[in-house]
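Good morning, and thank you for the time. I would ask you to look at the structure on the screen while I take you through a few of its features.

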Amino acid sequence: MIEDAAQSFGVEYKGRMAGSLAHAGCTSFFPAKPLGCYGDGGAVLTDSDDLAEILKSIRIHGKGKDKYDNVRPGINGRLDTLQAAILLPKLDIFPHELVSRRRIARNYTDLLTAQNTSLILPGVFSGMKSAWAQYSILAQDARARQAIQDRLQENSIPTAVYYPTPLHLQTAFAHLGNKKGDFPVSEDCAERIFSIPMHPYLTVADLKKICSILHVDNHAA
Ligand SMILES: *Cc1c(COP(=O)(O)O)cnc(C)c1O
């Protein structure tokens, strides 16, 4: 079993860390992820020595003991040295950044709840700690979401939609024959979800400004 931990580096699930929940966990260091480098990067995590050996071989074109003897088909999966140089010090401060992300998420929720928002805020199940890769909210409907995004944009506050098209409606899976209406919850979320800024260096003033703009729009929409 392979775990997709691309957005969950730093997550705790019942006392275990994301990336350690399956035979292998894959994470991403793309800039938008909780531990981001400045370009492309990622890692596979496993506690199996045998699997680690195979993965290291696949990473470098399927190399064997002799690097010019390829023993299996592989890929070029090397992590660039420059990206590694950026990631190492960021990894050192990552635990502190996680604390900040969790504090910021709590502040967002407290501020928005105090405004009696009708937006649906993200929650975390008990026994789990999120890495808050995103702080994603559900608006009432697609129209309300657009109005909120426009208003935030007017105030130079970026938002993003993760993700606008559910898997079953992606062209790549068209051959499976699914159509609109087959997965109504996914489709509904895709029309209503949006993410507000989330990173460890947001100030309380930033959060208050973002929440006050969300508040106004929430009532106008
Ligand atoms: C970002 C992301 C990926 C892809 O990561 P790459 O570094 O672009 O390969 C895969 N799965 C999830 C859930 C992601 O968020």
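Predicted model: local features only at pLDDT ≥ 70, side-chain atom pairs only at ≥ 80, totals over all residues.

Which residues does glutamate 97 touch, not counting residues up to four places away in sequence? They are Pro200 and Tyr201, where contact means heavy atoms within 4.5 Å.

Residues are numbered from 1 along each chain as its sequence is written, and side-chain values use heavy atoms, with hydrogens and water left out.

Glutamate 97 lies in helix H2, residues 81–114; helices (H or I, at least four residues) and strands (E, at least two) are DSSP runs, numbered from the N terminus. Glutamate 97 is buried, that is, under 20% relative accessible area with a 1.4 Å probe, protein chains only. Yet glutamate 97 has no salt bridge, which would require a side-chain nitrogen of Lys or Arg within 4 Å of a carboxyl oxygen of Asp or Glu. The nearest side chain of opposite charge, lysine 90, is 5.4 Å away. What the side chain of glutamate 97 does make is a polar contact with the side chain of tyrosine 201, at 2.5 Å. A polar contact is a pair of N or O atoms within 3.5 Å; within protein, one must be able to donate a hydrogen and the other to accept it, and residues adjacent in sequence count only if both atoms are side-chain atoms.

I turn now to the strands. Strand E7, residues 135–138, runs antiparallel to E8 and is joined to E8 by four bridges; two strands pair if DSSP finds at least two bridges between them. Tyrosine 135 stands opposite isoleucine 196 in E8. On strand E8, residues 193–196, Ile193 and Ser195 are buried on one side, and Phe194 and Ile196 on the other.

Next, the largest nonpolar core, which has 22 residues. Such a core is a set of buried Ala, Val, Leu, Ile, Met, Phe, Trp, Tyr and Cys residues joined through side-chain atoms within 4.5 Å. Among the residues touching the most other members are Tyr135, Ile196 and Leu214. Helix H5, residues 204–220, is one of the elements giving two or more residues to this core, and H5 gives the most, with five. Apart from this core lies another, of 11 residues, including Phe9 and Phe29.

Finally, the chain as a whole has five helices and eight strands, and buried residues make up 32% of its 221 residues.

Notes
Buried < 20%, exposed > 50% of the residue type's maximum accessible area, 1.4 Å probe, protein only. Lys, Arg positive; Asp, Glu negative; His and termini not counted.
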